[in-house]
Amino acid sequence: MRTRRAAAAGKLTVVLATLVLVVAGCGGPSPRAWAASVCQALTPWRAEISKLTSSTQQQMTARTTPAQARENLVRLFAGAEQASETARRKVEEAGVPEVEHGDEVSAGFRGSLSKMRDAYGRARDTIDGLDTAQAGPFYDGVRAAVDTLNKEYDASALDTSKLNSPELKEAFDEVPECR
């Protein structure tokens, strides 16, 4: 009888130990792993936004018809919107870092990227709706849309004052993906 109890207790111990390992493994990524994933998501996004910003500035000064300018700007802003969504999705896939208030940090990054994505989408829709019959009013509308985009973009910046994590700051400073 004791042998069966001992065997059952041994099996129970193995099952409990396995459960503890599984539950312990359910935590979020380490600060370094999370920072690396976030930087891997943001590096191509920043490059794409920089390229699109440069292209937009060139488009604003290029000698094209309003219809051509509208088509090019709509395509540029759609690209920025998509790049922002891709970065947001990758940050979401990175999970929640194992730091104090990690869920708030992750949500802050995702929220900021969502707001940027939406700002680009609104700019795209606004420019797409502009009448191209007269160049003057069209370009005035483009300037207004870009001004609104810039304000919304600035307002969507991540407020890092509430997301002060020494572990993440150190991780972002140290991981090669963030350099």
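Start by selecting Phe-138, which is found in helix α5. The model is a predicted one. Phe-138 counts as buried because its relative accessibility is 1%, below the 20% cut-off. Show its neighbours next: leaving aside residues up to four places away in sequence, Phe-138 touches Pro-66, Ala-69, Arg-70, Leu-130, Asp-131 and Thr-132. Draw a distance from the C-alpha atom of Phe-138 to that of Ala-69; the value is 9.5 Å, for two residues that stand 69 apart along the chain.

Now zoom out to the whole protein. It has six helices and zero strands, and the order of elements from the N terminus is α-α-α-α-α-α. Colour by accessibility: of the 179 residues, 34% are buried. Contacts can be sorted by sequence separation as well. Taking those between residues at least 6 apart in sequence, 81% join residues at least 24 apart.

Select helix α2, residues 31-61, together with helix α6, residues 166-174. Their axes come within 8 Å and cross at roughly 55 degrees, and α2 and α6 are therefore oblique to each other. The crossing in which α2 passes α6 is right-handed. To see the contact itself, show side chains on both helices. Sorted by class, the contact of α2 with α6 has eight nonpolar residues, no polar ones and three charged ones.

The axes of α3 and α4 come within 8 Å, with a crossing at roughly 165 degrees. That angle makes α3 roughly antiparallel to α4. The crossing of α3 and α4 is left-handed. How many charged residues does the contact of α3 with α4 have? There are nine, alongside 13 nonpolar and three polar residues.

Between these two helices, go to His-101. The residue lies in the loop that joins α3, residues 66-93, to α4, residues 102-128. Check its backbone torsion: His-101 has a positive phi of about 65 degrees, although it is not a glycine. Is His-101 buried, partly exposed or exposed? With a relative accessible area of 44%, His-101 is partly exposed.

The last stop is Ser-156, in the loop between α5, residues 135-155, and α6. Ser-156 counts as buried because its relative accessibility is 2%.

Key. Residues numbered from 1 in each chain as written. Predicted model: local features only at pLDDT ≥ 70, side-chain atom pairs only at ≥ 80, totals over all residues. Heavy atoms only, no water. Axes fitted to C-alpha atoms, helices over the stretch in contact; angles between N-to-C directions. Helix = DSSP H or I, 4+ residues; strand = E, 2+ residues; numbered from the N terminus. Parallel < 35°, antiparallel > 145°, perpendicular 65-115°, else oblique. Left-handed = near helix turned anticlockwise from the far one by under 90°. Nonpolar A, V, L, I, M, F, W, Y, C, P; charged D, E, K, R; others polar. Buried < 20%, exposed > 50% of the residue type's maximum accessible area, 1.4 Å probe, protein only. Contact = heavy atoms within 4.5 Å.
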